[in-house]
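Dear colleague,

I am handing over the structure below, together with an account of what was found in it. Please keep it open beside this email while you read.

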Amino acid sequence: MRGLAQALRGIRVAVRSRWKIFAAVALAIFLIDVFLPPVLLSVVRKPVSSFTINPWLKNLPDFVASTRVPLSRKIEFLPNLALFWFISTGPIEPEWGFAVTVTDLFRFTVMSLLFGAYFALWFYRRDTRSDRRWNGSTTKRGGVLGALTTTLGLSTGPSTVTGCGAPVIPVLGLAFAGLSSGTIKWIAQMSTIAATAVLAGVGVGVFYLGWRIGAGRR
């Protein structure tokens with residue numbers, strides 16, 4: 001508990017001191033997570049035709065407050081509720097679709113906050129260390145690479161409204177059509193592991209840097 005309090009103290013100090021970096025990185029990662037997949041699909045497959053916010057969302061307060069809907073049904077339904085989606089129309093059916101669910105939005109937010117905190121800590125530690133030989137450029141590049149790879153396909157979160165015959169697949173699996181269903185399933189399984197590893201690694205990095213900075217602030 002003492003180490004956790006020390007880490008949280010260091011994170012708080014760094015984020016307050018470098019709040020512009022924190023906000024800029026968090027916003028950039030969030031926008032990349034939401035908009036890069038449809039942009040990639042538009043370039044590789046076919047340009048997006050429409051963007052739609054789920055019209056059912058106006059019924060969400062009544063659904064949540066309803067006593068006629070079992071709690072178990074609400075818990076099962078809400079995480080998979082699509083908030084908005086991008087669609088590219090085709091001659092007979094949509095060419096591809098990309099939807100963002102409640103779970104996706106939560107993951108995007110957590111990822112954005114983690115990377116924002118990581119970069120705020122990194123810059124704070126770099127700027128306040130008296131030993132200028134310390135260099136975290138490799139770690140910095142690793143953080144950017146982790147954010148981009150997670151967005152570009154190492155995540156099963158981006159969901160397809162239609163396309164490739166799979167309801168939830170990595171973006172790259174949908175972008176480059178012709179993959180077999182077995183290949184797509186394998187990519188999805190590996191992407192879950194990779195995305196978890198990336199987020200866990202960034203989380204450990206945030207905790208460690210926060211702990212080091214917190215130790216110097218006692």
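**What was found**

In the protein, residues 24 or more positions apart account for 70% of the contacts with a separation of 6 or more, where contact means heavy atoms within 4.5 Å. Please bear in mind that this is a predicted model, in which local features need pLDDT of at least 70 and side-chain atom pairs count only at pLDDT 80 or more, while totals for chains, interfaces and linings use all residues. Residues are numbered from 1 along each chain as its sequence is written, and side-chain values use heavy atoms, with hydrogens and water left out.

The protein has 8 helices and 3 strands, which are DSSP runs numbered from the N terminus (helices are H or I with at least four residues, strands are E with at least two). From the N terminus on, these elements run α-α-β-α-α-β-β-α-α-α-α. Of the 218 residues in the protein, 41% are buried, a word that here stands for under 20% relative accessible area, with exposed being over 50% and partly exposed in between (1.4 Å probe, protein chains only).

The strands form an open sheet of 3 with the order β1-β2-β3 and antiparallel pairing, where two strands pair if DSSP finds at least two bridges between them. Its edge strands are β1 (50-53) and β3 (96-101), each of which pairs on one side only. Strand β2 (residues 82-88) and β3 pair in the antiparallel sense over 6 bridges, and the bridge partner of A82 in β3 is T101.

Two helices lie across β2 and β3: α2 runs at about 175 degrees to β3, whereas α5 (residues 102-128) runs at about 70 degrees to β3. These angles run from 0 to 180 degrees between N-to-C directions, and the axes are lines fitted to C-alpha atoms, for helices over the stretch in contact.

Helix α2 (residues 19-44) has 26 residues and should span 38 Å at 1.5 Å a residue, which agrees with the 36 Å between its end C-alpha atoms; the expected span is 1.5 Å times one less than the number of residues. Helix α2 bends by about 40 degrees at F35, and the proline P37 follows within four residues, the bend being the angle between axes fitted to the seven residues ending there and the seven starting there. The buried residues of α2 include F22, I29 and P37.
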